[in-house]
Amino acid sequence: MTETATLKIWRGLDIGAGRWETYAVPFESGQTILDGLRWIRINCDPTLAIRFSCINANACKECMIELDGKTVYACTARLQPREMTLAPLSNKKLVRDLVTEIAPPAERFAGS
Amino acid sequence: MILESMRAETDVLVIGSGAAGMYAAIEAAKAGCRVLLVDRSLIGRGGATVMAQMTVAVALGAETPDHWSYHYRDTLVAGRGLCNEPLSQLLCEDGPDCIRTMDDWGVGWARKNGRITQAMAPGHDRPRCVYVDFLNTGPAVSKTLRTVVNKTDGIRKAGDLCIIDLLRSNDGVAGAVALHLSSGAPVIVSAKATIVATGGLTRLYRRNSASTNMGGDGYALALRAGASLVDMEFVQFFPIGHLAPRLVGMDPIMWDPFRYKLGGRLLNNRMEEFTQNYGVAEDGKYVITRDTGSYAIMKEVEAGRGSPHGGVYLSFQHCSEAALREAFGPVIDRLAANNIDLTKTPIEVAPIAHYQMGGIAAGVEMQTALPGLFAAGEAVGGANGANRLSGNAVTEALVFGRRAGRSAALFAKRARHQPDDGGSARRAVELISSSAPQPDLNSAEAIQLLQSTMQDNVGPLRSRAGLSSALRTIERLSGALGDRPPGDGRRFDMQRLDWFDLRNMLLVARVVTEAALVRTETRGAHRREDYPNAADEWENNQYVRIEDGRIVPSKLSAPLAAVP
């Protein structure tokens, strides 16, 4: 029997009006949270928002989220065959789903 | 509904914030221009530069006497007759100065007894590659340039800006239209000069060594605006990309530095060395070039001599724990966290899409066919011909970025803001504002399908049948994509971003595949199983442009814009 990781993910555009969605992801030893999120986008729901560039090298540092209340990089935190709760960073402004505004203010677009 | 556009105006717009884009921004600002440096993700953290593990080739002569002309000679030999020689010369000749400037800026090139260390890499005639320990070249280069960008007056930075199309003026390029990811709104950027520094196209492939934002954006932007691309069939596969066991927190090209420092042995599933059967006896050293290495591995796998996951073995079992620690320090602990002990077992490696030799056709001032449009770094085609030498990519990013920044500044100082051609801004804003439901298309799945097709049919081994099959898949996906993006159009709509990415990726995939179909020979990274030899009549570059909506390949280059 294949094992499953159950990812309970916060979804929404406004912190006061979000919802939790739960996805069952096939578990393979060594896989990461980001692998699971990419699996969900390809197999279940492409609208799930997560910020990442370098995939698994931990070079871009863009994929910070909260896993069971602790800040992690989704690309290096390992998937486990249990329920795991994923939420956007609580100390950053929410953009959508797991994406938050992590750029320094001087690196954000402001029209002219 | 047309979304209200935000606007920005600048002298020089730089698209992409890897090494090429950041260096270009610094130079243009130092020349007195106002610069807007944009990136689709964070500034100076995505792209390919940050992923570079080790080598930067440059004729510094710190290790042994060297001269740029020797580096140039090696680059031309590796390029199998197709290098754009003036571009190759620029790369090799200006390399040392850029590397010393980076040293002054505090990048921290590895040193021994005060002298910069230079490593020997395949295809070079002497030790020529500088690096930052341990496996820290890319992050150090990115961080150094970020710091200089932050200290340079006149550079505004804007992340989360994904350029959708260039803005055409009547005779050239007048800026660009972007999708602002964190709001979903269109942004019209009016610029006197625009530099495309978006890197390559590795994301077109299932197994790739770079960031997810390297989907060939810049090639698609330049093509749609009317510029030419050159040598797009030459995609470099890095032979020994990590395959198994599962390894996270490391870049998959990390075994290259291991081979530089420790040699290592490539073995098939009989635990026998095999590269000698493909003309290169390694003898424990690292001498095989990337094109030959990828070919040899693919052929071993095809013959049933591959490793369990479809690659070959790379063994460092000849090394002691102490030797490994001395060479790679903390990296050994990161490997241990992934349950990898190199003294006990070999790892599995296989070719992985790594670099695009082709790109936007440009001259030594980084000018393109379109006045006001410049290119820099990997986005430029030609300097590396049919096969790139190890270590030339970061050098190229720095040298071409610097040159593009200077040229664009000269151009911008003599130019005025051009009005757009009466349609390109409106069309792009309309596209960004539009929405169509696409119940039959999972955008993320479509990207994965395209990547598989490209990997299997337009990868290191090609044939007419495979290439034709890839074209059919590209055609089908293009049909399913439709002409308007899905989604709610609000902030960070990933499905919508996928759609815009697929729009570029499918165009660029088609160009690579069609160019590969036309080139009926084997040369460098382009291997045709049905045409296994190099053909004299193909010792020629191949250009591609769009005419009346069709992709038109040609052996003749389009004239480039006049330089300031």
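How many residues does the contact take from chain B and from chain A? The contact takes 46 residues from chain B and 42 residues from chain A, where contact means heavy atoms within 4.5 Å.

This is a predicted model, in which local features need pLDDT of at least 70 and side-chain atom pairs count only at pLDDT 80 or more, whereas totals for chains, interfaces and linings use all residues. Residues are numbered from 1 along each chain as its sequence is written, chains are lettered from A and ligands numbered from 1 in the order in which they are written, and side-chain values use heavy atoms, with hydrogens and water left out.

**View 1. The interface between chain B and chain A.** The two chains bury about 3,400 Å² between them, 54% of it on carbon and sulfur atoms; buried area is the accessible area (1.4 Å probe) that two parts lose on being put together, summed over both. Between chain B and chain A there are 5 salt bridges, a salt bridge being a side-chain nitrogen of Lys or Arg within 4 Å of a carboxyl oxygen of Asp or Glu. A:R41 forms a salt bridge with B:D498, with the closest N and O atoms 2.6 Å apart. The side of chain B that touches chain A draws at least two residues from each of strand 1 (6-15), strand 7 (155-158), helix 12 (443-457) and helix 14 (494-518) of chain B; helices (H or I, at least four residues) and strands (E, at least two) are DSSP runs, numbered from the N terminus.

**View 2. The open sheet of chain A.** In chain A, 5 strands form an open sheet in the order 2-1-5-3-4, with mixed pairing; two strands pair if DSSP finds at least two bridges between them. Strand 2 (19-26) and strand 4 (70-73) of chain A stand at the edges with a single partner strand each, so one side of each is left without a neighbour in the sheet. Neighbouring strands of this sheet are turned by 35° against each other on average, direction ignored. Strand 1 (residues 4-11) of chain A pairs with strand 2 of chain A in the antiparallel sense over 8 bridges, and A:L7 stands opposite A:Y23 in strand 2 of chain A. Helix 1 (residues 33-43) of chain A lies across strand 1, strand 2, strand 3 (64-67) and strand 5 (83-87) of chain A, and runs at about 100° to strand 2 of chain A; axes are lines fitted to C-alpha atoms, for helices over the stretch in contact, and angles run from 0 to 180 degrees between N-to-C directions.

**View 3. A salt bridge between helices of chain B.** The side chains of B:E27 and B:R406 meet in a salt bridge (2.9 Å, N to O). B:E27 lies in helix 1 (residues 19-30) of chain B and B:R406 in helix 10 (residues 392-414) of chain B, so the pair ties together parts that are 379 residues apart in sequence.

**View 4. Backbone features in loops of chain B.** The peptide bond from B:D133 to B:F134 is cis, with omega near -20°, and B:F134 lies in the loop between strand 6 (129-130) and helix 4 (137-151) of chain B. A cis peptide bond also joins B:A244 and B:P245, with omega about -5°. B:R80, although not a glycine, has a positive phi of about 55°.
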